[in-house]
Amino acid sequence: MSVDLKTTYLGLKLKNPLMISACPLTADVDRLRRLEEAGAAAAVLPSLFEEQIEHDAEEISKAHEFGTESFAEALTYFPESDDYRTGPEEYLETISKAKKAVGIPIIASLNGASRGGWLRYAKMMQDAGADALELNVYFVAADLAMTGRDVEARYLELVAGVKQSISIPLAVKLGPYFSAMGNLGARLVEAGADGLVLFNRFYQPDIDLESMEAQPRLHLSVPDELSVPLQWIAILRGHIEASLAATGGIHDAEGLLKALLAGADVGMITSVLYQKGIHQVGSILAGMQQWMEAKEYESVEQLKGSMSLENCPDPSAFQRGNYMKTLTSYVGRAI
Amino acid sequence: METRRFVTVDGNEATANIAHLCNEVMAIYPITPSSGLGELPDAWAAAGRKNIFGTVPDVVEMQSEAGAAGAVHGALQAGALTTTFTASQGLLLMIPNMFKIAGELTSTVFHVTARTVATHALSIFGDHGDVMACRSTGWAMLSSDSVQESQDMAIIAHSATLEARVPFIHFYDGFRISHEVNKIEQLTEDDVRAMIDMDLVNAHRQRALSPERPKLRGTAQNPDVFFQAREACNPFYAACAGIVQKHMDKFAKLTGRQYHLFDYVGAPDAERVIVVMGSGIGVVEETVDKLVPEGQKVGVLKVRLFRPWDSRAFVAALPKTVKHIAVLDRTKEPGAAGEPLYQDVVTSLSESWAAGPHPGPLPKGEGTERSLPRVIGGRYGLSSKEFTPAMVVAVYEELSKAQPRQQFTVGIVDDVTKLSLDYDASFSTEKDDMTRALFFGLGSDGTVSANRNSVKIVGENTPLHAQGYFVYDSRKAGSVTTSHVRFSPRPIKGSYLVHRANFVACHQPQFLERIDMLSTADPGATFLLNSIYGPDEVWDTLPAEVQKQIIDKKLKLYVVDAYQVARDAQMGVRINTIMQTCFFKLSGVIPPDEAIARIKEAVKKTYGKKGGGKIVEQNYAAIDGALASLKEVKYPSQVTSKLHMVPPVPAHAPAFVKDVLGMMIANRGDDLPVSALPCDGTFPTGTTQYEKRSIAQDVPIWDPKICTQCGICSLVCPHATIRLKAFDPALLAGAPEGFKATDYKGKEFPGWKFVVQVAPDDCTGCGLCVEACPAKDKEKVKHKAIDLEPKVPVLDRERAAYDFFMTLPDVDRSKVKPDTIKGSQLLLPLFEFSGACAGCGETPYIKLITQFFGDRMLIGNATGCSSIYGGNLPCTPYTVNHEGRGPSWSNSLFEDCAEFGLGFRLAVDQQIKYAHELLRRLSSQLGDELVSALLNNKQETEEEIAVQRARVTDLNKRLPAIAGGDAKNLLASSDYLIRKSVWSFGGDGWAYDIGFGGMDHVFASGRDMNILVLDTEVYSNTGGQASKSTFRGAVAKFAAGGKGGRKKDLGMIAMSYGDVFVGSISLGANPMHALRTIRAAESYRGTSLLIAFSHCIGWGIDMAHGMEIQKDAVACGYWPLWSFDPREPSHPFQLASKKPVGAFKDFAMKEARFAMLARSKPDDSARLLALGQQDIDKRYHFYEQLAGVDRAPAEAEPGNGETKAKDAKEVGA
């Protein structure tokens, strides 16, 4: 029996529900090609960072100015070049190259925290051939005077701003730390989001005990992390007119299946590729197909959302009841 | 045809443009002030800009000017149109090939920014000393006197040389023209094509060597034919001047600008004429323009083609009425009958007035029937000395005298040989409708770039003529810049500084008490001051001397808080566009609205191309904010201030420092007479201590509670402004309030106190110490044992503390543990407060070496950063200890420093031998015990050296009582009985490139020499040109497309001799390794090479993090730490670096030198970084294997070191 793996995400018809999330792997055309060959249905390019654009421009200007016009023998220290690609040029080239190299949809990603002049890059990405845009919003409200409402307003303004500048579909990738995730999700869709990508994994600081310095640290995801996206995808499924993507914690076919069952249109992977290699794409897809065949599912469409909050036999598991049940049944190893 | 446009450029850009278009090959080498001439074509070539032949010129950096000349010679012989650019000693290095090129009648043009040749001192500034040294080479010499002419003569030279077959030096005055920004009409590419005759180009190619039409050139000739063959070129020289005039005429037809070999300007019936060449022409012409309408019969004869000298054209150009001629030479030939131009004039006149076959008498009616004019010669403008209309008037007046002075000088006061002319400095030719502005700024505040931009705005957008000339500091940290800017409805001919300003701007309020900015202000001028004080408060913050000048001259005073405006616009300390906006508002040169629009345009052009949208917006905000902050100040009619200007040096400074150096510090060096200056270039050391520049905003403050007494802060301090001392607690009795001390940790000085003290007025605030400090507060980790704090609130306390600190005795050198960081830092540095860049990576090594060996050091220093911060007047950082001992230092040249140092060694060894011989001869009178002790002390430790010093003192006391010449002679040589530490210091440009041949020879000498290479991987002093030390993938000048080749492994080359000690060290990565390797190198009685990794401003890094970058470099294998000690019998090679961790790319991307290429040419960058990683991996793999090699016993046999070993025995080692 053949299973129909096709799905639709942001209006894009995908051959299966397994996507590669934004990571450095997708910037490399050769790797991208191998990912496609392994079966990936679409890929999100690594993010173009708002800060990076400004930072690079500032650094180049600083390097050209620092120490200059001070000493008669060394009025400057670097040769002048008129051709610095401190803006999005390199990124736009990556989009074009990726589009030429592979047949799967390519989603560009823009990482920002505020509405700024750099929003014009969204349009440039569209013009460069991106099939859709993923807006990766990362904002740490370190200012104690800032309220949750203020933060949400920033997000909504940003999404609306980007949406206005493009005609391709727009996905919004979020972190999970909102007091009313569902409400925010719905309002983002109202503001123009065609899909939500749940959830962003932040690189939070760590403390180096030797140097006594705070340093950003990169952790690869672990399968346990999937439970948070599962919960919110299950809650949102059926209540918003937008696609849903699960990301963070999908490491195998089981993870992908769970995401789909909860209501995701697609599942995105990265960490497992770093751990096990690109061939893992094929293994996950094969495993999913095997499970579906064994369970006699006909298609992914049939599967999607079948265990959402609306459709699952025990909705309390996605709500507060889940918490009580887990806590009372837990026995730690050390106890 | 393209339309010509007016551009505002400097002489170098004007010339480089022509050179780029006319040439196929450029073999170049950096030297000030011509470096820019090569940098521009290199950058243009990297961007693919083509010449008129449709190809991109090949711009190749060579290892020296000698190498460049050789490559040029070869390229010419093989048929390429080829050029180079140089100046000063660089031109002198080309002379051997220049003789060949001319001897072979080869068409080429060398563009020379005429610069002073180093004699009693180096000078980077302009005169004709270098080009005059080439007179005998057989090159044509064509001079430009302005920025416009530097372009025009460049193309005339390129065009004429092809026909004449005589090679050309096209020269113009260094800095005064090479760096003056002026408005010129730029030639189009079509113009250049029209001037270059392709038939002549093809003829040049046909003369080239080719196997298709084989020939041989460069034979050796014998007495039978050489002479005749040498004379065979005469027809070409005879024709050359005519050809030049023909091409000048062709140029005139094309552009309307008519030049002649000699051009006369002035009264048609002039009786007094000045003959002059170069930028001085404009000054004389400006004076003539004023004097002739006043009825004076004066004129100026401009010399353009100096060689081949056309006597007939010269005489013909003189007015027939001339009776008195003054020839001005911008060079000095000591001992000559007269300077070169003078001699040619005298010869021409005497030959022309006499009947003779050559050049032949002039036809009747051309003036030679009259009596021979009287000619005097004089010198002016050496090393860019100011040359003004006032001085020109003095020359004309001298010509009116019955007995005018021969060999006169003008512009200085010569109270020794009394040759100088007096002049009335108040004489001026400048008209009131000319804007004459002076801007005082700091190097870091963008003042110069803003003024450069203002000149461009006015020059290119209005009918006004514009001139900008910028004067820089001799120090690199906290350097003061002065911008001299003129705008005028007429062409601006005078190439001299602004002496009568109608606009003065002080961009830094701290200058008020140190720089006399208003002495040049005209009455009624505008004074714009950047100050945090508003119009109502600012008056009382001005020193009384400043207030008096404002009142006396009735200046219009304006104030702007540019720093606040900059902060509001998030611009940091960049106040350039703010001050520029205020200037346009106040000066009225062009309507302010238009000016602001143009400034914004320029900002967009500058930053827009670098992707800086945000920076553009910030600048716009600053420009808009500037006008709101600008306020006029109403001031009283009386001086009210209690503040006074600070004297340049303190009252307790020695007389020479006060009377001579102090004048230079106060920018009044021009007023010093000849007698004030040493006749042979010898200056006292230890004078930076008197120049309290107080340039830091923040200074490091020590917290004894947290301090672990590691000493790293002092070790890394580039300016020796953080000092450690251990002292007896009893000495604390006189300590001022606020002086901090804690208990000394360590067994050397039990019960003593310990202090870390900053010299607050000498610190540059670089922050290296803070970044390096490892001691953090337990409760507030960001607080360290050394933190930067704002200086002003702590200044009085820290000044008093430092003064007290300096009264504490230095520790007994024999008691410290010099192999530890702390021990090394308890030793007195004998290199302090240099003018190096804030955060310099080189100077900590030098300071450390002087701490170890300074009291017995001789240093030969290659030209470069280390010779500039080491020996650029006014003040010198090498200093003395309390006994008056310290390093004796000298700079010879760029290329010969290793040999220069070797010369020191040879001399010292010979003196030692002589002293030993005398000791032996006198042993019966001195006693065998003393003689034997003096001869046999190995002096390997501080104690042994101290004992030797005491014995020499004893010897010196005894010697006068002994009769005979031997005792007297030994007294003169006994100093050499104390072991000397001989060093050659220099950078990688010297060691890897220009000086490598000599250095290699010193390696082979086996002599007891120490060579310190301060490796910044770039020619730092001349602005960052690539050297063979530059790492793959780094952008540098002359490697605008990224350095393609692998970095040379200098250490391995030295190691291959087997008996050379080599150390590759990094103070930031492993200070213990560095200091032990330095000590081991010095202790080795053969040749030692230390390659010291030195971070640099030319890397595009935050200098405060220089030491961390060094650490990262070592960690990723970019800079391996190792040593090779020939004394080690089995494993002389020791690898001190661990296996590389992390990728080269990650390290590289933190530095602009690498990151720039990644941004401009990502594919090239990726390829070069990958190759760079391979270089690192392969090198480490190789070193790892070397570390395991057990040296074969045969290697231990004396080879090159044989002589050394023998000599060492003789000198008591």
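Pro308(B) lies in the loop between β12 (305-307) and α12 (311-317) of chain B, where helices (H or I, at least four residues) and strands (E, at least two) are DSSP runs numbered from the N terminus. The peptide bond from Arg307(B) to Pro308(B) is cis, with omega near -10°. The model is predicted, so that local features need pLDDT of at least 70 and side-chain atom pairs count only at pLDDT 80 or more, while totals for chains, interfaces and linings use all residues. Residues are numbered from 1 along each chain as its sequence is written, chains are lettered from A and ligands numbered from 1 in the order in which they are written, and side-chain values use heavy atoms, with hydrogens and water left out.

Chain A also contains a cis peptide bond, which joins Leu198(A) and Phe199(A) with omega about 5°. Phe199(A) is placed in the loop between β8 (195-198) and β9 (205-208) of chain A. In the loop between β1 (7-9) and β2 (12-14) of chain A is Leu10(A), a residue that is not a glycine but has a positive phi of about 55°. Most residues other than glycine have a negative phi, and most peptide bonds are trans.

Helix α1 (residues 29-38) and helix α3 (residues 89-101) of chain A pack at an angle of about 40°, their axes 10 Å apart; axes are lines fitted to C-alpha atoms over the stretch in contact, and angles run from 0 to 180 degrees between N-to-C directions. The crossing of α1(A) and α3(A) is right-handed, that is, the near helix is turned clockwise from the far one by less than a right angle. Val29(A), Leu32(A), Arg33(A) and Glu36(A) of α1(A) make the contact with Lys97(A), Ala98(A) and Ala101(A) of α3(A), contact meaning heavy atoms within 4.5 Å.

Between the chains, 35 residues from chain A and 50 residues from chain B take part in the contact. Chain A and chain B bury about 3,800 Å² between them, 56% of it on carbon and sulfur atoms; buried area is the accessible area (1.4 Å probe) that two parts lose on being put together, summed over both. Glu69(A), Glu73(A) and Tyr77(A) supply 20% of the area that chain A buries against chain B, more than any other three residues. Three salt bridges are counted between chain A and chain B, each a side-chain nitrogen of Lys or Arg within 4 Å of a carboxyl oxygen of Asp or Glu. The side chains of Arg1159(B) and Glu90(A) form a salt bridge (3.0 Å, N to O). Helix α2 (residues 50-65) of chain A gives the most to the side of chain A that touches chain B, with 10 residues.
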